[in-house]
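Here are a few notes to read alongside the model. Keep the 3D view open and follow the points in order.

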Amino acid sequence: MFVHGFLCSHEDWKFQVKELQRNHEVVACDLRGHGSTPGRPQECSIEHYGGDVAALVNNLELLNPILVGHSMGCRVVLEANRIAPERVGGIVLVDGSRFGAGDADAAEAAARAQIERTGYAAWAESLFRQMFFQSTPATERLVARAVRQSAEIGAALWPRSVRWDAGTLEAALAAVRAPVLAIQTTTRDPQSGKRGPLKAGQTTPWLDLLRTKIPACRIEILPGLGHFPQLEAPERVNRLIEEFCR
């Protein structure tokens, strides 16, 4: 089951669905307020999304599914696992990160203040432009898609995601019992928050946290890519997921 990131949609998994459905049952969903799924701002949170994914696993009667999350979707699949760990057969985290730490209230307030200070449209465009290290027609379409998304939903969801990072992420990682694969491509500057490409052998605070909370986690670094490796290098991502599913 594939779960997209912030201001994204199930279409970001098109190369994975096309390839992996040859040998597996594949599901890709749109979270509330994204893609074709309606949603109100007050319903858009990691907690709600995790509950939705857990319910979808149950309603579709999926047996030990592999939950694959990208970016914010990493949080969602970890929350779904925290809710129903007995239903999860494995977890794949594609270029995850942590944006909030310390006091959850303060982390959420700081994220909301940053959006208000910058203005939502400018903030969203800046956030997505730094996810790509080369500008192409495809990356420009992804940036434009993010900016077109509902400002009410984006401005509500991002601070709540930061709050979840600060208050729930570590507990969610500690609750994991299934095998985990982390596919990592970028790192974030701790001061500016800007992304940069990850080098082979390099580590990040996110990867260090995974190693601490989930010692058996398999970590695969794909150098030279931006934040959307499933679109930038689908054959490499597909191969890693296929190997993990065996």
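1. A quick definition before we look at who stands opposite whom: two strands count as a pair if DSSP finds at least two bridges between them. Also keep in mind that this is a predicted model.

2. Now try that on strand β1, which covers residues 2–3. β1 and β2 pair in the parallel sense, over two bridges. Look across from V3 and you'll find C29 in β2 standing opposite.

3. Zoom out to the whole sheet. Six strands make up an open sheet with parallel pairing, and the order to trace is β2-β1-β3-β4-β5-β8. At the edges sit β2 (28–29) and β8 (218–221), each of which pairs on one side only.

4. For α3 (residues 72–83) and α7 (residues 151–167), the angle is about 55° and the axes are 11 Å apart. Angles of 65 to 115 degrees would count as roughly perpendicular and those under 35 as roughly parallel, so α3 and α7 are oblique to each other. The crossing of α3 past α7 is left-handed.

5. Which residues do the meeting here? From α3 come M72, R75, L78 and E79, and from α7 come L157, S161, W164 and D165.

Notes: Residues are numbered from 1 along each chain as its sequence is written. This is a predicted model: local features need pLDDT of at least 70, side-chain atom pairs count only at pLDDT 80 or more; totals for chains, interfaces and linings use all residues. Side-chain values use heavy atoms; hydrogens and water are left out. Axes are lines fitted to C-alpha atoms, for helices over the stretch in contact, and angles run from 0 to 180 degrees between N-to-C directions. Helices (H or I, at least four residues) and strands (E, at least two) are DSSP runs, numbered from the N terminus. Angles under 35 degrees count as roughly parallel, over 145 as roughly antiparallel, 65 to 115 as roughly perpendicular and the rest as oblique. A crossing is left-handed if the near helix is turned anticlockwise from the far one by less than a right angle, and right-handed if clockwise. Contact means heavy atoms within 4.5 Å.
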